[in-house]
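Morning, everyone. Please look at the screen while I go through one model, part by part.

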Amino acid sequence: MPDRDAAEALARGALDWLTGSAGNDLDRTLYSGTAGVVLALLEGQRHFGDDRYGDAALRGAAFLAASVEDDEGCSLYFGLTGTAVALRSVHRLLGDEQADRAADRAADRALSLVRSRFDGRGWGDMHELLFGNAGIALGALHAGDLDLAVLAVEPYLRTADATPGGVNWGVRPTPPRSHHIAHGTLGIVYALAAVGAAAGRDDLIELALAGAADVVARDEAGPAGFLVPHSDPQHRPGLIERYSYGWCNGPAGDAQVFRLLGALTGDSAWAVRADRCWHTVTHSGLPRRVRPGFWDNNGRCCGTAGVLALACDRHVEQGEPLDFADVLVDDLRTRATADAGGVRWSNHEHRATPSALEPEAGWAMGNAGIVRELLRYARVTAGADPAYAVPWPDHPPTR
């Protein structure tokens, strides 16, 4: 089984790949591009005390600052709100005064542009966490702009639809209602709850609880587990599986929302539901590829790194043994490609030939997201501070 040294070695090799051969053609986004890589580099700088990573983060921040006026997207994961999160994090963490001031000014400008593009309901056709209001609210809250965060979530008060279990929302211009954190109800729930708590708005928290109740009512796993379909009616059934297990559309992400609701309400039922999510995750077969199309991703959004984040959360908060976290890290070690250029991961697409995809640098599917979780795992196994250098906007801190 892996240990702290093995996890750190993987993470350092992955950071070296990010600062070396990777990144020449990156986009700007938090999801797959420079903004997410900058945050991983900040983690590396804080963990190792290696200024190479801080210097690379400053270079990335300068690129982001220079491109603010050219970015037409506003979202957390694909636009200016994610840029602001990365720039504000550089301002907070690094000691280069001139660069810090430039990053802070650029973050202010990014958020100002986002605010100016609000159309009264949102910022386009999508109204969820990755592309829409919920993510913009959480990113604005993370970057210190509570007014923008409230502006982003208030439309949900007007657009909620009653269901037999609670409420949900239409998040895309097609009929399916998605249920999970990335594109669905629980992502909106997270934003409503977090912003409601920060703003002292009980109406937002109450609406969050009604949205969560809708998802809880859809559970199909029985009393021990928790498993809710991707969407109803099923969105793109020829491409998307009905049940997933990762952060984006499965119980690994559902549990994060339940952790937040438990912390805000003090209701122990949310901890029970998070436990049920964990039961389903750990009994699903992952990280093995138990069938074609099952668990083909190493990354933070859809794969192993996102589950590792929850495993470490549970260890810190509840004393959960690290046995399953060890399995996940060992799987990442086994699937890594390591050579003189560093360490990286190739995800798998069973419908394509060749099935091994090109390694990615970004947070969602590549090195940046994996680095964050490997470094935290190394600290957790050593009994060191489990906090990230940069908290993620939609990941509740451990208590």
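I'll start with Arg101, which is partly exposed because its relative accessible area is 42%. On the scale used here, buried means under 20% relative accessible area, exposed means over 50%, and partly exposed is in between, with a 1.4 Å probe and protein chains only. Arg101 sits in helix 5, residues 97-116. Helices here are DSSP runs of H or I with at least four residues, strands are runs of E with at least two, and both are numbered from the N terminus. Between the C-alpha atoms of Arg101 and Thr304 there are 36 Å, and along the chain the two are 203 residues apart.

Some ground rules. This is a predicted model, in which local features need pLDDT of at least 70 and side-chain atom pairs count only at pLDDT 80 or more, while totals for chains, interfaces and linings use all residues. Residues are numbered from 1 along each chain as its sequence is written, and side-chain values use heavy atoms, with hydrogens and water left out.

Helix 2 covers residues 34-48. Its 15 residues reach 21 Å from first C-alpha to last, close to the expected 21 Å at 1.5 Å a residue. The expected span is 1.5 Å times one less than the number of residues. How many of the residues of helix 2 are buried? The count is 13 of 15, so to speak plainly, helix 2 is mostly covered. Just after helix 2 comes Gly49, with a positive phi of about 65°.

Helix 10, residues 202-216, also has 15 residues, and it reaches 21 Å against an expected 21 Å. Its buried residues are Leu204, Ile205, Leu207, Ala208, Gly211, Ala212, Asp214 and Val215. What do the buried residues of helix 10 pack against? Their partners are helix 7 (146-153), helix 8, strand 2 (167-168), helix 9 (185-199), helix 11 and helix 12 (269-282).

Helix 11 holds Gly253. Gly253 counts as buried because its relative accessible area is 0%. Contact means heavy atoms within 4.5 Å. Leaving aside neighbours within four places in sequence, Gly253 is in contact with Ile181, Gly246 and Trp247.

Asn249 is in the loop between strand 4 (231-232) and helix 11 (251-265). Is Asn249 buried or exposed? It is buried, because its relative accessibility is 9%. Not counting residues up to four places away in sequence, Asn249 touches His180, His230 and Ser244.

Now the aromatic rings. Rings of Phe, Tyr and Trp (its six-membered ring) pair if their centres lie within 6.5 Å; planes under 30 degrees apart count as stacked, over 60 as edge-to-face and the rest as tilted. The count is 16 aromatic pairs. In one of them, the rings of Trp278 and Phe324 have centres 5.6 Å apart and planes at 90°, so the pair is edge-to-face. Trp278 lies in helix 12 and Phe324 in helix 14 (residues 323-335), so the pair ties together parts that are 46 residues apart in sequence. Trp278 is buried at 7% relative accessibility, and Phe324 is buried at 17%. Elsewhere, Tyr31, Tyr77, Phe78, Phe131, Trp247, Trp363 and Trp392 form one aromatic cluster.

On a 1 Å grid over the protein atoms alone, a cavity is a set of points where a 1.4 Å probe fits but cannot get out, and a pocket is an open set with protein on both sides within 12 Å along at least five of seven lines; lining residues have an atom within 4 Å of a point. Grid points are joined across faces, edges and corners, and a volume is the space filled by probe spheres set on the points.

There are two cavities of 30 Å³ or more. The largest has a volume of about 50 Å³, and helix 8 (residues 155-159) gives the largest share of its lining, three residues. The second largest cavity holds about 30 Å³. Trp278 and Phe324 come back here, among the residues that line the second largest cavity.

The largest pocket has a volume of about 1100 Å³. Of its 37 lining residues, the closest to its centre are Leu239, Ile240, Ser244, Cys302 and Arg351.
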